[in-house]
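We will go from stop to stop, selecting a few residues at a time.

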Amino acid sequence: MFTIEHDFDATVITLIDEAEPNTRPLNEDVVILNFDDRVVIEQMSDDGDEVVRITFTMHQLAELRAALNLPEGNYRLERPA
């Protein structure tokens, strides 16, 4: 399950872990904040006392998107001029 909210400066997507009862432990929600120049992914730490945050530039996000569909190797995406 997921939710999408549009805030003033970002689109906020929350991914909510779901599973059949008693099949596995649930993970904390993942919150994705999409800004004009970056994407931030947040999740509570396992012990629940801090938010772990990863920030991607838009170029890094494009590289991640490409990497999910490429075989093992080294690659460089050309930046638009």
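Which residue in S3 does Thr14 stand opposite? Select Thr14 and look across: Val31 is there, in S3.

Before moving on, a note on the model: it is predicted, with local features needing pLDDT of at least 70 and side-chain atom pairs counting only at pLDDT 80 or more, while totals for chains, interfaces and linings use all residues. Residues are numbered from 1 along each chain as its sequence is written, and side-chain values use heavy atoms, leaving out hydrogens and water.

Now colour strand S2, residues 11-15, and strand S3, residues 30-34: they run antiparallel and are joined by five bridges. Strands here are DSSP runs of E with at least two residues, numbered from the N terminus, and two of them pair if DSSP finds at least two bridges between them.

Pick Val30 and you will find Gln43 of S4 opposite. S3 and S4 make a hairpin, with three residues between them.

Go back to the loop between strand S1 (2-6) and S2, and select Asp7. Is Asp7 buried, partly exposed or exposed? Asp7 is partly exposed, because its relative accessible area is 44%, and that class lies between buried (under 20%) and exposed (over 50%), using a 1.4 Å probe and protein chains only. Draw a C-alpha to C-alpha distance from Asp7 to Asp49: they are 25 Å apart in space and 42 residues apart in sequence.

Terms used:
Helix = DSSP H or I, 4+ residues; strand = E, 2+ residues; numbered from the N terminus.
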